[in-house]
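Okay, thanks for coming, everyone.

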Amino acid sequence: MAKRGNEGCPCCVDRVSKRGGFRFMLMARAPPEACSECVLPEFTYGAEMPPFVWPREPSDVETAVSQVLAETKSVLDSVASVPDDSLTFAAVISPLMHLPVYKTNPLVCQAKHMQHCSTDPQIREAASAATTAFANCKKESRKRKDVYMKVKKFSESEASASLSANDRHYVTAILEGFERNGLGLNEADAASLKKLLDDDVEVCSAYKTNLAEDKTRIEFTAADLDGCDAEWIAEKQAASDDKKTVVLTLKYPDILPVLQSCNVSETRKKIAMARECAYGNNLELVAKGVQLRKKSAEILGFDSWAHFVTKTRMSGSPEKVQEFLGGILAKAEAGGLADKERLRQLKQQHLQERGELEAGATVELEAWDVSFYHALLLKREYGVDHESIRKYFPCSVVVEGTLAIYQDLLGLKFTELFNFDTWHSDVRLFVVHDCESGNRMGHFYLDLHPRDGKYNHAAIFHLLKRKDATMQTPVDCMLTNLPAPGADGKPALLRHDDVVTFFHEFGHIMHGLCAEGTGNSTTLAKCPRDFVEAPSQMLENWCFDESVLQKLSRHAETGEHLPKEIIASLLNAKNVSEGLMMLRQLYLGLLDLEIHGVNPPEDATGLQELVDRLRPKISLINNPPGCNMLRNFGHLMNQYSAAYYGYLWAEVLSADMFASKFEKDPFDKKAGMEYRKKVLAPGGVGKIAEHLEAFLGHKPTQEPFLKSRGILKS
């Protein structure tokens, strides 16, 4: 083996040429010329490393996919071959609780995760194909009539009737899973359903590819960006070919500074409209996906996809969701109208100050105005300047402060690992242990900065689930697009919104890693979609606490913490324009229900007409001609279809949790451990409503939420 950093090492060369290429995980896979820095130790269970060997070539992905599919088929065939007089829980149910195609198998993540983060487009394409293959495999497994009949026959047996309540839950869950996928249908309907679901997987995959591979670039002069941070403009100019032009993508670190800070209305308009007109044929793909889901639901005996989805959620039905959203809408509308008029008047004043509007003339508040005039209002009337506040939030300080708070609150210890296999040099890896017992809880990756081909939002990916029999613990990964450090070494600076986003997303990691018990080792332990955001939403409250903000801040130049007067202004401004912002969330939730309802639009034209009608009706803001945010509303083309309402539903629950347990003392370790054990530890096992009530000591109510948002007065 060559010495460390040897010039002839092909891995070192590859990492330089590909900006953060891989290290060789296994010595057996490394060429003889590989240096010692590039070869990692063999993985064994019980070691402090996640069990992944990230693919170097598309063929690595294809090999993993073939193995997973073959092993899954073998398990299903084995269950189907069990004689009727030998049906037992161990022979029939247990194998189906840990199918090789689920996240208890490291190969699944290893094959598909690279679609979101690899620097190699060929690997991303192969990983995307792997995702489609696994989704089809899972659907196929739920179409195995021979396996279903064995489960059904066992469920009717005396052996099943004598099972514990816990084991009986798994029998029922597996049986319902089969039947929700059409196993109770006749042969013709079952075949039709399979085709519809397979087609939907393909449509969603194409939609995500359009988002990830978007190459839109928009050029501006410095004058076009008047009002934006001068250093930010200079950094962009330095990265351009002519060192003068500012070239922007449609990723959040590029568009948010413009929409929130740029004085030039035409520039904001250009960015806003580009974002809602880009992404290829995504609007047509949404229309196709909506129709496929509607037809699937009808075959299964449901009135709509929304009825099908909510059947297994906390809400229970779209009618219940409509009632929930409608109740908040009625309370928020008056405040939204007042907020809109306040921003419109500020726009009128601002344009007159700039000499762009004659005295006495009136203006309308447009879609590209809302963020800008909201930010200007905060700056002028509340002393909140998000651009200047950024200097108090270097990304590294926020990350380390957040990790420290979570460790202290939940009784955990995070240890950073450095000698690990990775897909990019930006990635960090941590192992998590329980402070009291010393037991390993799991691992998490942080991949925080934007790059071409990477997932372009902020999300947590649950890569691996617990498997007690092999000492396997969960592994999660956070992908975000937070600003990166400058080429000149200047630190990445975050807006307060970015701080909230990071704190929120990290809460999802804790939810994944703190889930305990054998139940969370199964494919059936899934938290209801309309609750899954609640724990993280509750933790957002920490980002509006003075003592927490002190811990998360340190000025990039002076080193001082965020001054108390700025914190006071920030907290005082928390609910400014909240009515208008709430109406936007209600619009998105109701739009989702509408397109997944009983009579969804049939094509892209119908979707455009729907958005043109609903956006001004609910959000009070006109939809710009030809624009449609469904082109980049990725939630509706994944597990959040007919479920976006869950953000508000969960926020109501989160507000009650915070008010009941943490409002008086966010650092209460006793409450933190109770939260970990009663809310996070159950994971997706049992009824979350019962776990929540046990933690709260009462049934959840809307009042804390409405008060926290300023919709009801305290």
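So, on a 1 Å grid over the protein atoms alone, a cavity is a set of points where a 1.4 Å probe fits but cannot get out, and lining residues have an atom within 4 Å of a point. Points are joined across faces, edges and corners, and volume is the space filled by probe spheres set on them.

Quick caveats: this is a predicted model, where local features need pLDDT of at least 70, side-chain atom pairs count only at pLDDT 80 or more, and totals for chains, interfaces and linings use all residues. Residues are numbered from 1 along each chain as its sequence is written, and side-chain values use heavy atoms, with hydrogens and water left out.

Searching the whole structure turns up three cavities of 30 Å³ or more. The largest cavity holds about 100 Å³ of space. It has 13 lining residues, and Ala212, Asp214, Arg217, Thr249 and Lys251 are the closest to its centre.

Now, helices: these are DSSP runs (H or I, at least four residues), numbered from the N terminus. Helix α19 (residues 496–514) packs on helix α26 (residues 669–680) at an angle of about 65°, axes 10 Å apart. Axes are lines fitted to C-alpha atoms over the stretch in contact, and angles run from 0 to 180 degrees between N-to-C directions. That makes α19 roughly perpendicular to α26, a label covering 65 to 115 degrees. Who touches whom? On α19, Met510, His511 and Cys514; on α26, Arg676, Val679 and Leu680, where contact means heavy atoms within 4.5 Å.

Methods
1 Å grid on protein atoms, 1.4 Å probe; cavity = no way out; pocket = protein on both sides within 12 Å on 5 of 7 lines; lining within 4 Å. Helix = DSSP H or I, 4+ residues; strand = E, 2+ residues; numbered from the N terminus. Parallel < 35°, antiparallel > 145°, perpendicular 65-115°, else oblique.
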